[in-house]
Amino acid sequence: MEEMIRKNYRAELFGSELYSALASGEKSEKVKEVLQELSEGEGKHAKFWEEIAKSRGVSLGKLTLLDRIKLWLLKRLRKLLGLALVLK
């Protein structure tokens, strides 16, 4: 159960960071707004898992170095391949 909580928390946190990073480089205001909303939603989901972890005494970590590298790569790929392909 602890591992599931950590996994879900990290996935939501990663999603929030990804959408936020993609929004920051977006030129279209409409798309930027949607990405920011998605980031906020994922952030709320991460908070949900954080509260469950706290209630069960489960410690949570931050994003790993590998997660940060994936974020960096996805931001670069967005410029090369476009938003639709990166989000698949």
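How many residues apart in helix α1 are glutamate 3 and arginine 6? I looked them up, and they sit three residues apart, about one turn of the helix.

**Entry 1: ground rules.** I am working with a predicted model, where local features need pLDDT of at least 70 and side-chain atom pairs count only at pLDDT 80 or more, while totals for chains, interfaces and linings use all residues. Residues are numbered from 1 along each chain as its sequence is written, and side-chain values use heavy atoms, with hydrogens and water left out.

**Entry 2: the overall layout.** I found four helices and zero strands in the chain. Both kinds of element are DSSP runs numbered from the N terminus (helices: H or I, at least four residues; strands: E, at least two). From the N terminus on, the order reads α-α-α-α. The C-alpha atoms fill a box of roughly 40 × 25 × 20 Å along the principal axes. Of the 88 residues in the chain, 28% are buried. My note on that word: buried is under 20% relative accessible area, exposed is over 50%, and partly exposed is in between (1.4 Å probe, protein chains only).

**Entry 3: salt bridges.** Side chains of opposite charge can pair when their charged atoms come close. A salt bridge here is a side-chain nitrogen of Lys or Arg within 4 Å of a carboxyl oxygen of Asp or Glu. I searched the whole structure and got six of them. Back to my opening pair: glutamate 3 and arginine 6 form one, at 4.0 Å from N to O. Glutamate 2 also bridges to arginine 6, at 3.7 Å. Those two are four residues apart in helix α1 (residues 2-24), so about one helical turn separates them. I checked accessibility too: glutamate 3 is exposed at 55%, whereas arginine 6 is partly exposed at 26%.

Next I looked at arginine 68 and glutamate 17, whose side chains meet at 3.7 Å, N to O. Arginine 68 is in helix α3 and glutamate 17 in helix α1, so this bridge ties together parts 51 residues apart in sequence. Arginine 68 is partly exposed at 42%, and glutamate 17 is partly exposed at 32%. I also noted that bridges with shared partners join Glu2, Glu3 and Arg6 into one network.

**Entry 4: surface patches.** Patches use residues with over 30% relative accessible area and no salt bridge, joining like charges within 9 Å and nonpolar side chains (Val, Leu, Ile, Met, Phe, Trp, Tyr) within 5 Å. Lys and Arg count as positive, Asp and Glu as negative, and His and the chain ends are not counted. Each charge is placed at NZ of Lys, CZ of Arg, CG of Asp or CD of Glu.

Lys27, Lys75, Arg76 and Lys79 make a positive patch. Glu29, Glu33, Glu37 and Glu40 make a negative one. I placed glutamate 40 in helix α2 (residues 29-56).

The nonpolar patch, which includes Leu65, Trp72 and Leu85, has about 950 Å² of accessible area together. Areas come from the Shrake-Rupley method with a 1.4 Å probe, and for residues only the protein chains shown count as cover. Helix α3 gives the most to this patch, with eight residues.

**Entry 5: one aromatic pair.** I found one aromatic pair in the structure. Phenylalanine 48 and tryptophan 49 have ring centres 5.3 Å apart and planes at 80°, so they pair edge-to-face. The rule: rings of Phe, Tyr and Trp (its six-membered ring) pair if their centres lie within 6.5 Å, with planes under 30 degrees apart counted as stacked, over 60 as edge-to-face and the rest as tilted. Tryptophan 49 is buried at 16%, while phenylalanine 48 is partly exposed at 45%.
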